[in-house]
Amino acid sequence: MRAQDLTQLTFNAIASHRLRSLLTVLGIAVGIAAVVLMTALGEGVRQFVMGEFTQFGTNIIAITPGKTSTFGVSGATVSSVRPLTTDDAVALLRVNSVEAVVPVVQGNARVEFGRKHRRTTVIGVGSDMPAVWQMGVEKGSFLPNDPFESSRSYAVLGSRMRSELFGDAGPISARIRIGGDRFRVIGVMESKGQMLGFDLDDTVFIPAGKATELFDREGVMEIDVIYSDQESADTVAEALKKVLLVRHGQEDFTIKTQEQMLSVLDSVLQLLTLGVAAIGGISLVVGAVGITTIMTIAVTERTAEIGLLCAIGAPRSQIGVLFLVESAMLGACGGVMGVGVAIALVFMLQWFVPTFPVALVWVYVAGACGMASVIGILAGLTPALKAAKMNPVDALRAN
Amino acid sequence: MHGRDALSMACGALASNWRRTALISLATAIGVSAVLILAALGEGANRYVLGQFESLGTNLLIVLPGRSETVGGPPPLLGETPRDLTIDDAYALLSDSSIKRVAPVIVGSAPVSTAAGLEREVNVYGTTDALLGIQRLAMEKGTFLPRSDPHRGASVCVLGIELARELFADDAAVGKWVRVGNTRFRVLGTLANSGVTVGVDFNDIAIIPVASAAALFNRESLFRILVETVSDADLDRAEQAIHRITASRHEGEDDVTVIAQDSVVKTLDRVLTTITIGVAAISAISLAVAGVLIMNVTLVSVAQRRTEIGLLKALGARIRDVRRLFLIEALMLAGIGAIVGLTVGLSAASAVAIIYPEFPIAVPAWSIALASTVAIVCGAVFGLMPANRAARLDPIKALSSN
């Protein structure tokens with residue numbers, strides 16, 4: 001049989017039962033649309049979360065006290081007999097290709113200006129913080145590059161903190177009290193917004209050395225290192241480890257590169273996307289059963305036609321192929337329809353609710369289309385075999 | 001037409017095309033069992049997590065130093081504040097009648113080593129004898145920290161089971177001496193395996209008296225105060241009392257955050273239930289697909305039985321009789337599928353329960369209701385169009401078509 005004839009025959013078979021074919025296609029289309037939408041949703045969430053994490057830049061290495069392999073807050077962040085100190089931070093600055101080092105101490109204190117006061121997060125950092133965390137200074141300047149042990153009592157306000165304490169008044173060079181100690185405001189940060197529920201705007205930044213005094217701590221909670229783009233994260237991490245090993249005598253710290261954290265997070269989120277896609281895929285399986293049902297019915301209905309084809313010399317394989325092409329076509333139509341609907345829905349969502357995290361993954365879209373045809377073929381396999389195995393004499397007599 | 005006749009006719013039609021019936025029931029069954037199994041897994045995960053929390057007690061309040069005025073922001077978990085939350089602050093809370101007992105906690109990290117030279121860096125918990133009851137810990141061997149003056153640090157410790165195994169292998173740890181930081185402590189006992197816990201891993205931990213921890217880490221401030229109230233009903237009263245007592249001791253400044261374990265559990269429960277319902281709903285889309293298939297097959301059935309319909313109408317069957325006939329057929333397809341799906345779903349859940357007894361899998365009642373209702377409603381809704389089409393057939397045309 002010529003390919004053209006094959007197509008013609010299949011097309012006629014599908015077109016002659018328009019409603020039936022449409023409903024079968026609809027079954028597959030719903031399944032495909034569900035898979036594409038679910039992956040778009042998963043991908044949207046993934047991009048959103050990754051964006052939240054990469055807003056601090058990607059070439060960061062975080063060093064925390066204590067040797068832990070698990071996520072979460074180690075007891076060492078709170079207190080440790082072998083703390084990480086600001087001296088460690090200074091030493092790390094000498095490592096090749098390290099561009100900036102920021103020790104971090106975080107706490108909670110009451111900030112007072114005149115008669116106004118507000119309890120909030122106080123973060124002790126180094127002068128390089130704006131570069132490392134990619135935050136801009138809106139007014140004034142950031143903390144100066146003082147030595148950690150003798151830094152001046154300067155404070156920089158987050159944008160929300162500024163409006164809460166000062167309203168419309170100018171905060172620069174005002175004197176405030178943080179936990180009873182006096183600080184002079186020298187700058188205001190640009191609004192950075194929420195970061196995973198943590199409001200960086202409702203904070204006060206003070207020198208790390210002052211923060212360790214204020215909170216009566218021996219060490220810092222974290223040291224953030226930013227390195228040159230030219231170096232690989234692993235090389236820098238190795239170099240940092242060497243320096244700290246020499247200073248501490250043992251590995252009582254944990255080095256995590258942003259790359260490692262991101263790749264773990266990324267793989268988790270991709271797995272999640274795959275998971276929701278699989279749940280949406282249940283509909284696809286049901287749709288496939290629909291193709292099998294309709295093809296079984298078609299084979300029974302067209303017994304006489306099969307008998308005739310056999311009688312005029314069509315090989316059995318060709319009869320099988322005829323029905324397989326038909327079911328593959330049903331599947332493919334469903335795929336195209338489903339993808340079309342899903343893409344339309346995604347664009348509509350992006351248009352009407354721009355903040356809603358959806359993003360089409362074209363690999364999944366193409367995969368869904370291909371999968372629909374494959375499902376069509378698989379679903380049509382049993383009926384096609386049944387048709388191919390028919391005895392022409394019986395088949396002709398059936399009618 | 002009698003109801004019984006209609007039923008037996010539908011049954012006959014389904015039985016004569018058994019292959020088709022089986023396939024469509026399979027489609028519905030896949031949908032129903034998927035909803036059930038996913039809901040059961042979600043419910044199991046929910047129960048597991050809640051069980052972990054509830055094993056810590058529901059009448060528990062956690063007091064953290066520091067308080068943020070950011071609305072809806074996270075609590076100051078790291079607990080560094082200029083003014084210390086002290087051991088005396090913790091015991092002052094006992095003056096309120098709603099508070100049963102308190103355990104002050106200092107947390108840090110330190111290397112724990114044995115005389116044999118084995119060393120492991122672990123989290124160290126400085127606390128008092130009250131922790132055992134408040135956190136519902138169990139001892140494997142020996143005893144917990146003794147009741148003593150919290151200001152005096154004795155040189156005794158309790159080890160988590162994993163830490164004890166790492167340091168002493170199979171030897172008895174009780175009675176041995178370990179070095180935590182640079183101080184020697186005698187092991188009083190080892191904790192029983194607490195399984196996978198939320199938050200603190202009590203298997204890999206060293207517990208020492210709170211005053212010893214204060215000396216070890218050179219800090220006065222507590223990291224947490226765990227407060228157990230007399231009963232669940234006292235939680236609100238206790239929370240107010242904690243703020244009041246702290247403010248009176250901290251020069252009028254109320255600088256602590258109180259987290260109720262109960263509220264954490266409730267939030268978690270809400271989140272997990274929402275996720276479970278969401279997942280079940282997504283899988284319920286497949287039931288709509290099954291509905292489309294039922295419609296399709298019923299349409300085929302109508303087309304194939306035109307003569308029969310014509311005959312029925314010629315014999316005086318009314319429109320609603322014919323409609324009922326095909327609706328029953330569609331509903332039976334959905335019904336069989338739903339029953340098979342429920343059976344498969346429930347047995348799969350029981351199988352999981354037998355194979356993984358520690359995972360509290362449970363098919364929630366709402367998922368059974370959701371799956372079977374959606375399946376039946378889909379059958380009815382999608383069966384209506386073909387049934388109407390059959391009912392409106394002109395008997396003359398239908399009879400002459402063959």
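# Helix packing and chain contact in a predicted two-chain model

Helix α1 (residues 3–16) of chain B contains Cys11(B). The model discussed here is a predicted one. Cys11(B) has 13 C-beta neighbours inside 10 Å and therefore counts as partly exposed, since a residue is called buried only if 20 or more other C-beta atoms lie within that distance and exposed if 12 or fewer do.

The description now turns to helix packing within chain A. Two packed helices are described by the angle between their axes and the distance between the axes. Helix α2 (residues 18–54) of chain A and helix α11 (residues 316–352) of chain A have axes that come within 6 Å and cross at roughly 45°. At that angle α2(A) and α11(A) are therefore oblique to each other, and their crossing is right-handed. The contact of α2(A) with α11(A) is made up of 17 nonpolar and 8 polar residues, with no charged ones.

Helix α11(A) also packs against helix α12 (residues 362–388) of chain A, here at an angle of about 150° and with the axes 7 Å apart. That angle makes α11(A) roughly antiparallel to α12(A), because angles over 145 degrees count as roughly antiparallel. The crossing of α11(A) and α12(A) is right-handed. By class, the residues of the contact of α11(A) with α12(A) are 20 nonpolar, 10 polar and 2 charged.

Helix α2(A) has a partner in the other chain as well. Its axis lies 9 Å from that of α8(B), and the two helices pack at an angle of about 175°; α2(A) and α8(B) are therefore roughly antiparallel to each other. On the α2(A) side the residues that meet α8(B) include Leu19(A), Arg20(A), Leu23(A), Val30(A) and Met38(A). On the α8(B) side they include Ile282(B), Ile285(B), Val292(B), Asn296(B) and Val300(B). This contact of α2(A) with α8(B) has 15 nonpolar, 4 polar and 1 charged residues.

The contact between the chains as a whole takes 58 residues from chain A and 54 residues from chain B. On the side of chain B that touches chain A, at least two residues each come from α2 (18–54), β2 (99–114), β3 (119–127) and α8 of chain B. Which element gives the most to this side of chain B? It is α8(B), with 15 residues. Sorted by class, the side of chain B that touches chain A has 30 nonpolar, 15 polar and 9 charged residues.

The largest nonpolar core has 120 residues, and Ile32(A), Val36(A), Val35(B) and Ile294(B) touch the most other members. Helix α8 (residues 261–304) of chain B contributes the largest share of this core, 16 residues. Apart from it lies another core, of 62 residues, which includes Leu85(B), Ala90(B), Leu131(B) and Leu216(B). Ile32(A), leaving aside neighbours within four places in sequence, is in contact with residues including Leu284(A), Gly334(A), Gly338(A), Val339(A) and Ala372(A).

Ala280(B) belongs to helix α8 of chain B. With 25 C-beta neighbours inside 10 Å, Ala280(B) counts as buried. Not counting residues up to four places away in sequence, Ala280(B) touches Val35(B), Leu38(B), Ala39(B), Ser367(B) and Leu370(B). Ile336(B), by contrast, is 56 residues from Ala280(B) in sequence and 21 Å from it in space, C-alpha to C-alpha.

Two loop residues of chain A deserve a look at their backbone. Most residues other than glycine have a negative phi. Ser97(A), however, is not a glycine and has a positive phi of about 65°. Ser97(A) is placed in the loop between α4 (86–92) and β2 (98–113) of chain A. With 14 other C-beta atoms within 10 Å, Ser97(A) is partly exposed. Asp216(A), likewise not a glycine, has a positive phi of about 55°. The loop that holds Asp216(A) runs between α7 (208–214) and β11 (222–227) of chain A, and Asp216(A), with 16 C-beta neighbours inside 10 Å, counts as partly exposed.

Definitions and conventions. Residues numbered from 1 in each chain as written. Chains lettered and ligands numbered in written order. Predicted model: local features only at pLDDT ≥ 70, side-chain atom pairs only at ≥ 80, totals over all residues. Axes fitted to C-alpha atoms, helices over the stretch in contact; angles between N-to-C directions. Helix = DSSP H or I, 4+ residues; strand = E, 2+ residues; numbered from the N terminus. Parallel < 35°, antiparallel > 145°, perpendicular 65-115°, else oblique. Left-handed = near helix turned anticlockwise from the far one by under 90°. Nonpolar A, V, L, I, M, F, W, Y, C, P; charged D, E, K, R; others polar. Core = buried A, V, L, I, M, F, W, Y, C linked by C-beta atoms within 7 Å. Contact = placed C-beta atoms within 7 Å.
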